[in-house]
Amino acid sequence: MSPRSSVAAASDPGSSSGKERESRIEHYQEPVLYHEVNEIIHPNRWARFRHTIREPMAEFLGVATLIVFGTGVVCQVILSANPEVASFQRGSYLSISFAWGVGTAMGVWVSGGISGGHINPAVTLALATFRGFPWKKVPGYIFAQLMGGLVGAALVYANYFHAIDIVEGGRGIRTLTTAGLFSTYALDYMTNVSCFFSEFLATAVLMIVVLAIGDRKNCPPPPGLAPLVLFLLILGIGASLGMQTGYAINPARDLGPRLLTAMVGYGKAVFTFRNQYWLWCPVIAPICGAQVGALFYDAFYFTGEESIFNKPNAEARRLHVHAEKQQRRHIPAGPGADDAA
């Protein structure tokens, strides 16, 4: 074939070589660069599975850490008051307030960079309601938090098993006398309404501060130090609002250990106490308190686009106007030390 006929064939769509050229052009694709691929590359099957459960497991470990410190200090202070357990009492109410604060800080520190460090179903639900936290993640987070509470309490129970036997007056005897080491029970003079209000108030305060430390335009702590603020917050709540109901302020902190006590011999009394106290006071009241705290903060203070209060209306969408992002990453734990605030 002459050069002229070759050129003609290449330019003629009807020729066989022209069709081949069109086919090559039609199926040509730009090479995909590695940095443009969104998919996470996993080195093995375990890494892929771990990626799936990583956030719930962080919540599990965070709550378990909280409960080990929190119920651990309650057991130490209360059980050591018995002279058959210890020669003198190890600690006081201040010790309890400090250790719950430390447990909260440590729980958020070990989970915050992965899951945000909610370690509290009331916080998770409030963030889902007002801040766009994905609802599809909520069941996994809450289940992991409850299981963390149960396992953390089981570890503490195993550690203080013999001391509990001494205080109860015999091996295997379990009554509400020591059930309060693990879950919250209101003082006798408290009415049902007062119990609910106490937990509601404390959790509303908790939620407002949680949102404040995650607000870039308020006074957020330096990156990596949000757990320190939470330590001071829980210490303050315990020292000022904790006496009457035990400041559960966290459904997982109360229900997880309560399930453990029912499993190890305390029986149904842990649930029938004061007409299902376990449900309406340490579970429902904190959830309601967190919702109202988040409602108040977002309605009157927060101006970022993450809140449902600042979503653009039809006119703003038409003009492409919207609020700027204002929430720090991984609320409430905040960004890590190497991240921008």
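Reader: What covers the buried residues of α5?

Author: The cover includes α6 (138-159), α9 (192-213), α11 (251-266) and α13 (277-300). This is a predicted model: local features need pLDDT of at least 70, side-chain atom pairs count only at pLDDT 80 or more, and totals for chains, interfaces and linings use all residues. Residues are numbered from 1 along each chain as its sequence is written, and side-chain values use heavy atoms, with hydrogens and water left out.

Reader: Why is T245 called buried?

Author: Buried means under 20% relative accessible area (1.4 Å probe, protein chains only). T245 has 0%, so T245 is buried. T245 sits in the loop between α10 (226-241) and α11.

Reader: What makes the pair T245 and E199 a polar contact?

Author: A polar contact is a pair of N or O atoms within 3.5 Å; within protein, one must be able to donate a hydrogen and the other to accept it, and residues adjacent in sequence count only if both atoms are side-chain atoms. The side chains of T245 and E199 are joined at 2.7 Å.

Reader: Why is L228 called partly exposed?

Author: Partly exposed lies between buried and exposed, and exposed means over 50%. L228 has a relative accessible area of 41%, so L228 is partly exposed. L228 lies in helix α10.

Reader: Which residue caps the N-terminal end of α5?

Author: N120 does. A side-chain oxygen of N120 lies 2.9 Å from the backbone nitrogen of A122. Just after α5, G132 takes a positive phi of about 80 degrees.

Notes: Contact means heavy atoms within 4.5 Å. Helices (H or I, at least four residues) and strands (E, at least two) are DSSP runs, numbered from the N terminus.
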